[in-house]
Amino acid sequence: MKNGISILLSRIATPTRVGPRDFIIVAVLAAVAFAVPYFAGTYQQEVGFRILQLGALAAAWNIAAGYTGLVSLGSAAFFGIGVYTMAIASNAGLPIALCVVLAALVAGLFALIVSPALFRLRGLYFTVGTLALAEAMRIFVVNSPWFGGQAGIYLTARAPKAYDLYWIALLIAVFVVVCVLLLLRSRWSYRMQAVRDDEDVASQLGVRTYRTKLWAFGLSGALIAIVGSIQALNQGIVQPNGGFGMSWTIDIVSVAIIGGMGTKVGPWVGAVFIVLLGEFLIQFPEIHLAVVGVVLVLVIRFMPNGIWGTLTLALQKNRNFS
Amino acid sequence: MTAVLQLESITKSYGGVRALDSLSLEVAPGEVLGVIGPNGAGKSTLIGVIGGALTPNSGTVTFDGRDISKLSSADRARLGIGRTYQIPRPFTRMTVADNVRLAATNSGHHISQRELEPFVAGILERLGLTPFAEEVAGKLPLLRRKRLELARALALKPRVLLLDEIGAGLVRAETEELIAIIQSLRTEVESMVLIEHVMDVISQCCDRTAVLDFGKMVTIDETPKVLADPVVASLYLGSVAESADTVVVDEEKRAGIRASLTSLVSVATSVPGTPLLTVDDIWVRYGGLNALKGVSLSVNAGECIALLGANGAGKTTMARSLAGAVPLTSGTISFAGKSIAGLRPDEVTALGIAQCMEGRKIFGTLSIEENLIAGGLDARKHVKAERLEAVYSIFPILKQRRKNSGTALSGGQQQMLAIGRALMSAPTLLVFDEISLGLSPIAVDEVYEALGAIRDSGVAMIVVEQSVDRALGLADRAMVLGQGEITLEGKPAELLADARLLSSYLG
């Protein structure tokens with residue numbers, strides 16, 4: 001088997017240039033989404049929260065994996081850091097907004113600490129390394145005396161209402177989108193893609209590859225931690241198997257791949273698809289995961305650019321023909 | 001006048017092979033320095049060491065009076081050292097313009113957002129890439145990829161430009177275009193180092209030329225003097241004086257080897273009128289490049305064919321297409337009466353064609369003995385043991401070190417291992433691809449002595465070589481490939497007398 005990750009990466013489409021139009025579209029969509037709680041019930045708000053949460057996670061993961069080629073299976077480590085930072089900091093009496101910022105900072109610091117070891121690994125080895133790291137973090141939290149062990153930590157803060165959570169998630173989702181768009185407009189976008197396509201050549205053209213990877217990996221991790229910190233508010237209790245659970249990593253990867261890795265819109269399309277599919281199959285939890293798995297396999301086999309990547313490529317072809 | 005770039009006793013080894021052997025070199029300001037030498041002489045390693053992609057085992061690199069040996073390649077690029085790759089390596093999923101923008105925004109020179117676009121547009125215009133600016137770089141054909149390599153290196157605003165074989169694989173008109181571009185660069189780039197096989201580029205662009213062989217400097221002087229030097233011609237063609245018949249042959253050893261070989265090769269019974277292998281009008285296309293353009297040849301049972309040609313002529317593609325390792329675009333290959341086009345490499349090997357691949361391809365994680373066994377996995381156990389003993393009696397050094405890792409051998413010994421491994425399948429036809437590559441003259445002698453014995457055993461052979469005199473000393477018939485086509489064909493003696501042979505190497 002040729003390195004599966006390199007095959008997956010080799011199929012990523014070239015991102016289109018980011019212009020003012022993108023920001024306008026985001027503003028319009030955000031305005032529409034903002035209005036949802038005024039005419040939708042609690043159930044719809046919860047589904048909306050889940051879509052925004054998974055979309056933001058996948059979009060954040062996409063910064064490292066899709067644009068920089070750092071395909072990480074360690075998202076759960078960053079997510080868990082966000083979850084636990086919120087629990088500990090808010091229980092210590094810090095304001096919620098500050099806790100969210102703190103979650104991002106701790107995650108960024110964590111990326112800085114683990115990068116010397118992780119960045120020695122490339123390709124598939126990097127991926128496996130991040131997977132091991134996330135598991136190590138989970139086991140560390142279970143066994144160390146500071147984080148409440150298996151039982152976890154209860155949040156003393158009052159649980160927010162469904163619509164509050166929805167609006168917080170929307171705010172964070174918009175923040176992630178704007179981060180991605182600004183990044184794609186900046187010179188970092190070339191550096192990240194160059195490192196993804198050929199790290200050695202990038203270095204020979206003056207790109208400080210280590211710095212570029214750290215920036216992408218750290219930003220991606222910090223954004224994932226921010227989403228994680230909100231999940232702590234949502235749950236009211238944080239536990240190692242929930243916060244640092246593999247299921248987050250797997251959800252993120254499936255959403256990004258099904259939607260389209262290395263595209264701006266793909267993660268959001270994937271999130272809508274996965275969440276709605278889950279709601280549709282809610283009566284049949286036993287086949288839910290199997291269906292998601294089959295869809296993932298089919299997408300990788302037949303739509304290697306994901307739903308969105310395949311759509312845009314098809315549209316481009318039509319444009320060329322007309 | 002101090003040198004812009006100075007290399008002092010640089011040594012770089014890979015395993016047992018010394019790619020650069022205490023090499024010292026200076027590049028003066030305003031100078032264009034050519035570097036030539038046969039395959040495996042260490043030319044690309046030299047560029048890697050200057051650019052910072054490779055760390056030498058010893059020696060220092062000084063740039064503009066400053067020791068840069070410890071700097072990363074990114075920092076060297078920012079200081080003003082730009083390079084291109086022999087095989088272009090564009091960022092395949094970025095657009096052509098983004099490839100150039102990347103270099104422009106990461107050079108040591110600050111460039112504002114307002115200056116960036118005109119700067120990038122200017123470079124694209126200059127290299128004729130403007131119409132393709134928004135195309136994905138991975139879709140470009142070879143010539144445009146080569147131009148993009150140059151465009152990216154220029155976007156760094158380099159003081160020294162290192163160009164690795166930008167002429168390879170191009171047709172004459174394209175080469176002339178490149179020469180014009182290189183000459184136009186002289187005013188803005190302080191110095192250049194050009195590695196080339198295409199002699200037109202060297203003779204028209206370079207002030208001085210250095211000749212490397214086995215990682216050592218053979219000579220360095222003004223270009224016309226170097227190109228007229230008989231030593232240089234003999235490096236490419238070998239000196240005909242020490243051809244095979246002057247080598248002292250140990251008759252007893254020969255007889256032993258001959259006996260061993262009988263269990264290792266299958267001698268095809270020659271059917272009059274039908275060759276063992278027939279290749280009919282094969283084309284092989286990679287990306288936008290035609291590597292083979294309608295090659296036809298045939299090999300009779302027991303015959304030894306030499307396949308010659310300069311770098312990039314299509315020799316290795318030819319060998320690989322016989323192995324089933326590259327898909328044919330069109331044409332047919334038949335072996336012992338069966339068509340083998342479209343078969344997998346293992347199926348081809350099972351039919352009796354064994355490959356001794358370029359670069360030896362020894363399994364480093366396996367021991368020498370395991371490497372040999374891997375060459376004949378299909379055989380029954382006692383047959384395998386018998387063949388193993390036979391290989392050991394031909395190459396006793398392999399037996400002595402049979403438990404060692406396959407890569408813990410010198411280059412020549414690794415080549416013997418590769419030959420032994422090819423013999424383990426008891427083939428009817430053996431294909432040897434560049435077996436003298438990167439070997440010392442003594443090692444080449446040893447390897448070719450074994451090859452002579454293998455030929456005498458009556459097995460059919462195709463010897464793909466850059467080292468002309470060796471291959472011609474062995475072969476019954478020879479052909480020369482040039483840019484994917486057979487340009488010359490004949491008996492070894494006729495070819496050696498033909499002036500066109502030298503010109504197919506030196507241009």
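Reply: Helices (H or I, at least four residues) and strands (E, at least two) are DSSP runs, numbered from the N terminus. In chain A there are 15 helices and 2 strands. Please note that this is a predicted model, in which local features need pLDDT of at least 70 and side-chain atom pairs count only at pLDDT 80 or more, while totals for chains, interfaces and linings use all residues. Residues are numbered from 1 along each chain as its sequence is written, and chains are lettered from A and ligands numbered from 1 in the order in which they are written.

Me: How many helices and strands does chain B have?

Reply: Chain B has 20 helices and 20 strands.

Me: What is the radius of gyration of chain A, and what does the globule rule give?

Reply: The radius of gyration is taken over C-alpha atoms, and the globule rule is 2.2 Å times the number of residues to the power 0.38. For the 322 residues of chain A the rule gives 20 Å; the radius of gyration is 19 Å, close to that value, so chain A is as compact as a globular protein of that length. The C-alpha trace of chain A spans about 60 × 50 × 40 Å along its principal axes. For chain B, the radius of gyration of 24 Å is close to the 23 Å that the rule gives for 507 residues, so chain B too is as compact as a globular protein of that length. Its C-alpha trace spans about 75 × 45 × 45 Å along the principal axes.

Me: What share of the residues of chain A counts as buried?

Reply: A residue is buried if 20 or more other C-beta atoms lie within 10 Å of its own, exposed if 12 or fewer, and partly exposed in between, with C-beta atoms placed from the backbone. Of the 322 residues of chain A, 48% count as buried; in chain B, buried residues make up 49% of the 507. Helix 8 (residues 188-197) of chain A is largely enclosed by the rest of the structure, because 10 of its 10 residues are buried. Among them are A:W188, A:Y190 and A:R196.

Me: Where is A:G245 found, and is it buried or partly exposed?

Reply: A:G245 is found in the loop between helix 11 (240-243) and helix 12 (246-259) of chain A. Because 17 other C-beta atoms lie within 10 Å, A:G245 is partly exposed. The C-alpha atoms of A:G245 and A:F79 are separated by 9.0 Å, although these residues are 166 apart along the chain.

Me: Which residues touch the most other members of the largest nonpolar core?

Reply: In soluble globular proteins, nonpolar side chains tend to be buried together. A nonpolar core is a set of buried Ala, Val, Leu, Ile, Met, Phe, Trp, Tyr and Cys residues joined through C-beta atoms within 7 Å. The largest core has 168 residues, of which A:A107, A:A225 and B:L194 touch the most other members. Helix 3 (residues 42-67) of chain A gives the most to this core, with 14 residues. Apart from it lies another core, of 79 residues, including B:L292 and B:V468.

Me: How many residues does each chain bring to the contact between chain A and chain B?

Reply: Two residues are in contact if their C-beta atoms, placed from the backbone, lie within 7 Å. The contact takes 24 residues from chain B and 18 residues from chain A. On the chain B side, helix 3 (96-106) supplies the largest share, 6 residues.

Me: In what order do the strands of a sheet stand?

Reply: Two strands pair if DSSP finds at least two bridges between them. In chain B, 4 strands form an open sheet in the order 2-1-4-5, with antiparallel pairing. Strand 2 (17-27) and strand 5 (66-67) of chain B stand at the edges, each with a single partner strand, so one side of each is left without a neighbour in the sheet. Strand 1 (residues 5-14) of chain B is joined to strand 2 of chain B by 7 bridges. B:Q6 stands opposite B:E26 in strand 2 of chain B.

Me: Which strands are at the edges of the open sheet of 6 strands?

Reply: That sheet of chain B has the order 6-7-8-3-9-10, with mixed pairing. Its edge strands are strand 6 (81-83) and strand 10 (216-222) of chain B, each of which pairs on one side only.
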